[in-house]
Amino acid sequence: MKTKCLIVGSGPAGYTAAIYTSRANLSPILYEGMQPGGQLTTTTEVENFPGYPEGITGPELMEDLRKQALRFGTDIRTGLIVKADFSKRPFVLTADSGDIIEAETVIISTGATARYLGLPDEEKFKGLGVSACATCDGFFYRGKTVAVVGGGDTACEEALYLSNLAKKVYMIVRKDYLRASKVMQERVLKKENITVLFNCNTAALFGSDVLEGAKIVEHKGTAKEQIFDISIDGFFLAIGHTPNTAVFEGQIKLDKEGFIVTKGDTTETNIPGVFAAGDVADPRYRQAISAAGTGCRAALDAERFLNEN
Ligand code: NDP
């Protein structure tokens, strides 16, 4: 099967790229991936996507974007791309169904996945106290006690957000300092209901049905090591995101964290004809609207590339 444009991934970036490339008559094929609609489908209310003055749920927003892509003729397919060969054009990609697609251009918008610590208890309490998105789930912890793991800008942002809802917020930070920007550090340290637990790691979570607490190890592996429990209702991970690029490893230039490297202010990768949009190439902003913006840019870049080649 041949296409002028293959879009891999179906978050705001992928669907926006699909809307633009369809309207430009490129007849794109879009593979939805493991989580159709992407990370937003796991959130509740989205209040910061322009155009929805009353807010909209994440799944509804993604369904609207999907319908808009379908309206202009995007060939949306369920399934994953499991192999990519960018060594020559047309590029050859293989889907999990076994279908082989020859694409003149490829837009990669496979997104990123929140990192977890890897504790077995995280899985057990997922949705029952464990979350990787304070802005999605914070609402459920009004007046309660929660912990945020991590010391970067995301962790500080999440802790501050939660501190306006919850009674008390712990930050569990493995080093003796916060990695976040100065201004975020100051805000966190000034906030009365946030307590930063420096030099601390989480050893385990506990609770009978729902989360009730965490076992914390301070100064792990040193003479000062201490173990204590904190009572919490919510445990929020903010230790970074892993870009979904495993399938493109060795085919395209990635940074040391695995994010796709794009050229300057464009969505071009090191392979002419392959473009990247959304969180897969964005360790910094990671917003639905910024992902949609780069999806638009990738579509325009792909269209221009086809015109010139
Ligand atoms: P970062 O990589 O900056 O921070 C991750 C944090 O998690 C670090 O404190 C790190 O600890 C900690 N961590 C990582 N793994 C573990 C682990 N296994 N156990 C315990 N702690 C762990 O990620 P962010 O998501 O915070 O930020 C990503 C990028 O986005 C940054 O460039 C940031 O500046 C930017 N950003 C900017 C914002 C803004 O400007 N408003 C908002 C949000 C993000 P350690 O320090 O010890 O490595």
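Predicted model: local features only at pLDDT ≥ 70, side-chain atom pairs only at ≥ 80, totals over all residues.
Student: Which residues of helix 6 are buried, then?
Tutor: Helix 6 spans residues 182–190, and its buried residues include M184, Q185 and V188.

Student: Where do they sit around the axis of helix 6?
Tutor: They are on the same side of helix 6, because they cover an arc of only 100 degrees around the axis. In general, an α-helix has 3.6 residues a turn, so residues three or four places apart point the same way.

Student: And which residues are exposed on the other side?
Tutor: K182 and K190 are exposed there.

Student: What do the buried residues of helix 6 pack against?
Tutor: They pack against helix 5 (153–163), strand 12 (168–172) and strand 13 (194–197).

Student: Let us turn to the ligand. How many residues surround the ligand?
Tutor: The ligand is surrounded by 16 residues, and the closest are G151, D153, T154, R174 and R179. By class, this shell has seven charged, five polar and four nonpolar residues.

Student: Which polar side-chain atom lies 3.0 Å from a nitrogen atom of the ligand?
Tutor: That atom belongs to E157. At G152 a polar backbone atom is involved, 3.3 Å from a ligand oxygen atom.

Student: How much of the ligand does the protein bury?
Tutor: The protein buries 74% of the 910 Å² that the ligand exposes when taken alone.

Student: Now T202. Is T202 buried or exposed?
Tutor: T202 is buried, because its relative accessible area is 11%, under the 20% limit. Its place is in strand 14 (residues 200–206). Leaving aside neighbours within four places in sequence, the contacts of T202 include L117, V149, I172 and F235.

Student: One more topic, the backbone. Which peptide bond is cis?
Tutor: The bond from R89 to P90 is cis, with omega near -5 degrees. P90 lies in the loop between strand 6 (81–85) and strand 7 (91–95).

Student: What about phi of H219?
Tutor: Phi of H219 is near 50 degrees, a positive value in a residue other than glycine. Most residues other than glycine have a negative phi. H219 is in the loop between strand 15 (213–218) and strand 16 (226–231), and H219 is buried, with a relative accessible area of 19%.

Student: And R286, where does R286 lie?
Tutor: R286 lies in the loop between strand 19 (274–276) and helix 7 (288–308). Phi of R286 is near 55 degrees, also a positive value. R286 is partly exposed, with a relative accessible area of 25%.

Technical notes
Residues numbered from 1 in each chain as written. Heavy atoms only, no water. Near = heavy atom within 4 Å. Polar contact = N/O pair within 3.5 Å; in protein donor to acceptor, adjacent residues only side chain to side chain. Areas by Shrake-Rupley, 256 points an atom, 1.4 Å probe, with all protein chains shown as cover. Nonpolar A, V, L, I, M, F, W, Y, C, P; charged D, E, K, R; others polar. Buried < 20%, exposed > 50% of the residue type's maximum accessible area, 1.4 Å probe, protein only. Helix = DSSP H or I, 4+ residues; strand = E, 2+ residues; numbered from the N terminus. Arc of directions from axis to C-beta. Contact = heavy atoms within 4.5 Å.
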